[in-house]
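This report describes one protein model, from its overall fold down to selected residues. Please look over the sequence and the structure before reading on.

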Amino acid sequence: MLAWQQSNYSTLPMLLNNNNTYGAGVAMPGKINFLQANEIIRCKAMNNYTRFYFENGELFTSCHTLRYFEAKFANAGFIRIHRGEMVNKKHITKYNRRGILELTDGSLLTIAKRRRQAVLGQLQA
């Protein structure tokens, strides 16, 4: 490790647990990417990977599961709408009675029937 990495490694857990604008730190070869929760529109499960969709249209794939990020983004306004999808509450523009959400990027996502009441409760909170 480089001297900078060694000296700052102990502060990493503090950065991740302070409920700041960073949602999670994701280790990449030789670096750590901090994902800012307010810039993420949605997270999609892809087997043991998670794909992030950002405001600026960028995509990012992590080797962690959606469940891992569900815990990291618990206080950042994310809602798990079904087994394979989690959305940022701030990026929801419409909800219809059939359980379909429209997001700021124009994507339409269906809420699982079993989760609809919980999702509606979280949207109204």
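Is Cys63 buried or exposed? Cys63 has 54% relative accessibility and therefore counts as exposed; exposed means over 50% relative accessible area, buried under 20%, and partly exposed in between, with a 1.4 Å probe and protein chains only.

## Basis of the model

The model is predicted: local features need pLDDT of at least 70, side-chain atom pairs count only at pLDDT 80 or more, and totals for chains, interfaces and linings use all residues. Residues are numbered from 1 along each chain as its sequence is written, and side-chain values use heavy atoms, with hydrogens and water left out.

## Overall composition

The protein has four helices and ten strands. These are DSSP runs numbered from the N terminus, with helices being H or I of at least four residues and strands being E of at least two. Along the sequence the elements follow the pattern α-α-β-β-β-β-β-α-β-β-β-β-β-α.

Of the 125 residues in the protein, 31% are buried. The accessible surface comes to about 8200 Å², and carbon and sulfur atoms account for 50% of that area; the areas come from the Shrake-Rupley method with a 1.4 Å probe, and for residues only the protein chains shown count as cover. Among contacts between residues at least 6 apart in sequence, 35% join residues at least 24 apart, where contact means heavy atoms within 4.5 Å.

Five strands form an open sheet in the order 5-4-3-7-6, with antiparallel pairing. Strand 5 (59-62) and strand 6 (78-82) stand at the edges with a single partner strand each, so one side of each has no neighbour in the sheet. From one strand to the next the twist averages 20°; axes are lines fitted to C-alpha atoms, for helices over the stretch in contact, and angles run from 0 to 180 degrees between N-to-C directions. Two strands pair if DSSP finds at least two bridges between them.

Within this sheet, strand 3 (residues 40-46) and strand 4 (residues 49-54) run antiparallel and are joined by six bridges. Lys44 has Arg51 in strand 4 as its bridge partner. The loop between strand 3 and strand 4 holds Asn47, whose phi is near 60°, a positive value in a residue other than glycine. Most residues other than glycine have a negative phi. Asn47 counts as exposed because its relative accessibility is 75%.

## Ser62 and the cysteines

Ser62 is placed in strand 5 and counts as buried, at 2% relative accessibility. A polar atom of the Ser62 side chain lies 3.2 Å from the backbone nitrogen of His64. Not counting residues up to four places away in sequence, Ser62 touches Val26, Asn48, Tyr49, Thr50, Phe52 and Phe69.

Cys43 is buried, with a relative accessible area of 0%, whereas Cys63 counts as exposed. A search of the whole structure finds zero disulfides, a disulfide being a pair of cysteine sulfur atoms within 2.5 Å.

## The hairpin of strands 8 and 9

Strand 8 (residues 92-95) pairs with strand 9 (residues 100-103) in the antiparallel sense over three bridges. Lys94 stands opposite Glu102 in strand 9. Four residues lie between the two strands of this hairpin, and Gly99 takes a positive phi near 85°.

Tyr95 lies in strand 8 and is partly exposed, with a relative accessible area of 31%. Leaving aside neighbours within four places in sequence, Tyr95 is in contact with Ile100, Leu101, Ile111, Arg116 and Leu120. Tyr95 and Leu109 are 14 residues apart in sequence, and their C-alpha atoms are 9.7 Å apart in space.

Ser107 is found in the loop between strand 9 and strand 10 (108-110). At 15% relative accessibility, Ser107 counts as buried. The side chains of Ser107 and Asp105 make a polar contact (2.7 Å), which is a pair of N or O atoms within 3.5 Å; within protein, one must be able to donate a hydrogen and the other to accept it, and residues adjacent in sequence count only if both atoms are side-chain atoms. Apart from neighbours within four places in sequence, Ser107 is in contact with Arg42, Leu101 and Glu102.

Helix 4 (residues 116-124) contains Gln117, which counts as exposed at 64% relative accessibility. Gln117 and Gly99 are 18 residues apart in sequence and 9.9 Å apart in space, C-alpha to C-alpha.
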